[in-house]
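Please consult the structure shown here while reading.

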Amino acid sequence: MRLTAEERAILAGARGEPVKRALELQLAVGRFYGAKRFVPVSNVHMMGDIEVMGDGGLEYLRHLAGQNARCEVAITTNARCFDFAHIERLGQDAGEAAKERKLIGYLQQMNVLTTDTCINYQTLYQPHFGERLAWGDTGTVIWANSVCGARTNFESGPAAMAAAMTRRVPEYGFHLDRHRKGTFVVEVAFQPEDYAEWGALAKLVGESHQSYYAVPVFTGIRRAPTADELKHLGAALASYGSMAMYHMIGVTPEAPTLAAALGGAKPQERMKVTRSHVERVFAGYGNADGSCNFVVFSGPQLSLLEMRRLADLFEGRRVHSGTTVLVTTSNGVLSAARALGCAQKLEAAGVTILEGVCVYILQNLTRMRAANGWTNMISNSAKIVNTITAHRFNTILRRTRDCVEIACTGVFR
Amino acid sequence: MKKTRLTIRVKRAFGRVVEGEAVLSSEGFSPRYDLDRWSGVITRPGHELEGVNIRDKILFFPTAKGGIAAGWAFHDIKTKGIAPKALVFGVTNPVMVQGAVFAELTITEGWSRDPRTFIRTGDFVRVDPSAKTIELLKRA
C-alpha cells in the first residue's frame with residue numbers, strides 16, 4: 001500500500017502505541033484485499049458488547065483504555081446485550097452485567113458515545129452521498145451504501161475502533177466504484193406490504209446469492225418504499241446474503257436507471273420474485289411443538305413510526321397469558337415514544353420494551369429460552385428469524401398483524 | 001516414487017503456515033449465527049456441520065454469512081482455546097478477515113478449484129498463506 005508521511009509516522013509510533021497497533025491491523029486487512037491506499041472517514045459506528053467480545057475482548061479494551069487510547073472520529077455504539085433495568089426479569093447473569101458496565105466505562109474513557117442502537121441511520125447520523133464511513137452492524141452498512149450512497153465496508157468492532165483512532169480505513173470493497181455496481185437483477189412481481197414481506201423478499205434474494213460482492217438491483221417496485229421498509233429489506237439482505245449494498249431503480253441514489261445501476265455491464269442473472277414465492281416462504285416455517293409463547297419485534301430496533309404502529313395494533317388488547325412479547329428500541333426512540341404515549345399503550349397490553357439491546361444478542365439467551373419454555377420464536381423481522389437460530393430456536397416469520405394476533409390470542413396462524 | 005501432492009491455489013491470504021484436519025462444508029458460516037462460542041460446536045439446527053467441534057480444525061466454507069460479530073468472536077474463541085487453525089473461504093467478507101487478523105488466525109479467500117472435489121473431511125492439509133497454497137498432506 002502507498003502510505004503517506006503521516007501514516008509512516010504513525011507506524012513509527014509518533015501517535016502512540018494504540019494508534020500504531022490500530023494502523024498495523026488495518027494495513028494487514030488492506031494488504032489482504034490489495035488496497036492501494038487509506039482514505040479518511042468522518043463517522044464510525046461500532047459493535048461491542050460482552051456477549052460478542054467475551055473476556056478476551058474486555059481485557060483488550062481494558063488494555064487499550066490503560067494506554068490512554070482515544071477515538072478521534074465521532075464514534076457511536078451498536079445495540080448491546082443488556083438492558084440493565086431488565087436483568088432480573090430476563091434471568092440474566094449479574095456477573096456478566098457487571099462486565100458489561102466495565103466495558104461501557106472503558107469505551108467512554110476512549111471517547112466512544114455509547115448510544116446502543118443499531119438504527120443510528122434513523123436516529124443519530126445521516127451520512128451524505130459519497131461520504132466515507134466505518135460502520136459496523138451489517139444493517140447500518142447496507143443502509144449507508146444503498147440508501148445514502150455513502151461508502152463503507154462491514155467494519156467489525158475492533159476494526160471500527162481502529163478506524164476511529166487512525167481516522168481512516170483501507171480503500172477496498174464498497175469504497176471502490178467497481179464493487180458498487182449491480183451484479184444481478186431482481187424483478188419484483190408483487191408489491192410488498194408488511195415488513196415481513198420485504199424481509200421475505202430479501203431472504204429469497206439473499207439466501208440464493210450469498211456473497212459480499214453480490215449487489216442486487218430491484219426493479220418493479222411501484223410505490224415509494226418507506227424508510228422502515230427499506231430498513232427491513234436491507235437488514236435481511238445483509239443477514240441472509242452477507243450483502244452490503246443493493247439498488248432500487250428510481251429509489252436509491254446510484255440507481256436512477258437500470259443501466260446506471262449496472263454500470264453499463266450486463267447482469268450476471270435475472271431473477272423474478274412473485275407473491276407465490278413469498279407465500280411459500282411464510283408457509284415453509286414449521287411450528288415445532290405448536291407453542292407460540294414468544295413473539296419478538298426486534299432486529300433492527302424499532303423506529304418511532306414502527307413503535308406507533310405497533311402501539312395502535314396492541315391498543316386495548318392484552319398479551320395472552322403465558323406469552324412473552326419483546327420489543328427493542330433505542331433510548332432516543334423510547335423517550336419519544338413515552339412522551340407521545342405509544343410506549344404506555346404497549347406496556348398496558350403487556351408488551352415488554354427493552355432499551356439499547358437486540359433480542360438475538362441478549363446475554364444468556366440460550367438458557368433464557370430453555371427456562372421459559374420458548375421453542376418457537378415468532379417475529380415480523382426476517383433478520384432476527386435468521387440470526388437467533390444459534391440459540392436453537394425454531395423461528396417463524398409472520399406479518400406484523402399476525403404477530404400481534406398470535407401474541408394476544410396464543411393461537412398460531 | 002515421489003508423488004505430486006494435490007494443491008489448490010488461493011487468491012488472498014493472511015497468517016502463518018498451519019497444518020491440521022480439514023472440515024468441509026457446502027454451507028456458509030457465521031460464528032454468531034451458527035456457533036456455540038462456549039463449546040466450539042456448531043449448533044445451528046440443520047447446519048450441515050451441526051454437532052461438529054471446530055477447535056484446531058482447518059475449516060472450508062464456500063461463503064461467509066451475515067454478521068459483524070466475527071470481528072470479536074474469533075478473538076473470543078481463541079482466548080477460550082477453542083479456535084480453528086485456519087479458515088478457508090471461497091468468498092468471504094471483510095469482517096471475517098478483520099476478525100482473523102485481530103485474532104491472528106490464518107485465513108484465505110478464493111480457490112483455483114473447489115476443494116470439495118478432492119479434499120474430504122478428516123484429511124490432513126497444510127495452508128501456506130505466503131505461498132497462497134493449500135496442500136493435501138494425508139488422506140483420512
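Two strands count as paired if DSSP finds at least two bridges between them. The model discussed here is predicted.

**The barrel of chain B**

In chain B, seven strands close into a barrel whose order is 1-7-6-5-2-8-9, with mixed pairing. Direction ignored, neighbouring strands of this sheet are turned by 40° against each other on average.

| Strand pair (chain B) | Sense | Bridges | Example of facing residues |
|---|---|---|---|
| Strand 6 (residues 86–91) and strand 7 (residues 106–111) | parallel | four | B:Leu87 and B:Ile107 |
| Strand 2 (residues 18–24) and strand 8 (residues 124–128) | antiparallel | four | B:Glu19 and B:Arg126 |
| Strand 2 and strand 5 (residues 58–63) | parallel | three | B:Ala22 and B:Ile58 |

**The contact between chains A and B**

Which numbers of residues does the contact take from chain A and from chain B? Chain A contributes 33 residues and chain B contributes 35 residues. On the side of chain A that touches chain B, helix 2 (17–33), helix 3 (50–66), helix 8 (157–166) and helix 17 (382–387) each supply at least two residues. Helix 3 of chain A gives the most to this side, with six residues. By class, the side of chain A that touches chain B comprises 14 nonpolar, 16 polar and three charged residues.

How values were computed: Residues are numbered from 1 along each chain as its sequence is written. Chains are lettered from A and ligands numbered from 1 in the order in which they are written. This is a predicted model: local features need pLDDT of at least 70, side-chain atom pairs count only at pLDDT 80 or more; totals for chains, interfaces and linings use all residues. Two residues are in contact if their C-beta atoms, placed from the backbone, lie within 7 Å. Ala, Val, Leu, Ile, Met, Phe, Trp, Tyr, Cys and Pro count as nonpolar, Asp, Glu, Lys and Arg as charged, and the others, Gly among them, as polar. Axes are lines fitted to C-alpha atoms, for helices over the stretch in contact, and angles run from 0 to 180 degrees between N-to-C directions.
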